[in-house]
Amino acid sequence: MVSFGGKMSVAALISQLATAAPDLVIGRLLGFGTVGIYSRAIGVTTLFNKTIMSAIAPVAMPALAARHRDGGDMLT
């Protein structure tokens with residue numbers, strides 16, 4: 001359990017660093033105003049993902065899985 005937990009903790013830490021890295025780099029190179037605009041833009045895209053995609057995915061994914069299992073065309 002410790003081995004798995006340690007690996008997952010490292011993975012979560014790397015994920016958080018990767019998420020925060022653009023903010024840190026933009027803030028360092030271009031200033032606080034620019035990083036604020038960037039952060040706002042990321043917030044808008046996250047809002048879209050949480051609201052629209054979280055409503056569509058529970059319906060679309062099972063339908064696509066059923067079509068795939070039946071051997072149907074996945075592009076139409």
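Predicted model: local features only at pLDDT ≥ 70, side-chain atom pairs only at ≥ 80, totals over all residues.

Me: What share of the 76 residues in the protein is buried?
Reply: Go by the under 20% cut-off for relative accessible area. Of the 76 residues, the buried ones come to 3%.

Me: Why is the protein called more spread out than a compact globule?
Reply: Its secondary structure is two helices and zero strands, counted as DSSP runs (helices H or I, at least four residues; strands E, at least two) numbered from the N terminus. The globule rule is 2.2 Å times the number of residues to the power 0.38, and the radius of gyration is taken over C-alpha atoms. For 76 residues the rule gives 11 Å, so the protein counts as more spread out because its radius of gyration is well over that, at 19 Å.

Me: Where does α2 bend by about 40 degrees?
Reply: A bend at a residue is the angle between axes fitted to the seven residues ending there and the seven starting there. In α2 a proline, P58, follows within four residues of the bend, which sits at A57.

Me: Which residues does Y38 contact, leaving aside neighbours within four places in sequence?
Reply: Y38 belongs to helix α2 and is partly exposed, with a relative accessible area of 29%. P22 is 16 residues away from Y38 in sequence, yet their C-alpha atoms are 9.0 Å apart. Contact means heavy atoms within 4.5 Å. On that basis, the partners of Y38 are P22, D23 and I26.

Me: Is I56 buried, partly exposed or exposed?
Reply: I56 lies in helix α2, which covers residues 32–69. Its relative accessible area is 42%, so I56 is partly exposed.

Me: How far apart in space are G72 and M8?
Reply: G72 is in the segment after α2, and at 35% relative accessibility it counts as partly exposed. G72 and M8 are 64 residues apart in sequence, and their C-alpha to C-alpha distance is 37 Å.

Methods. Residues numbered from 1 in each chain as written. Heavy atoms only, no water. Buried < 20%, exposed > 50% of the residue type's maximum accessible area, 1.4 Å probe, protein only.
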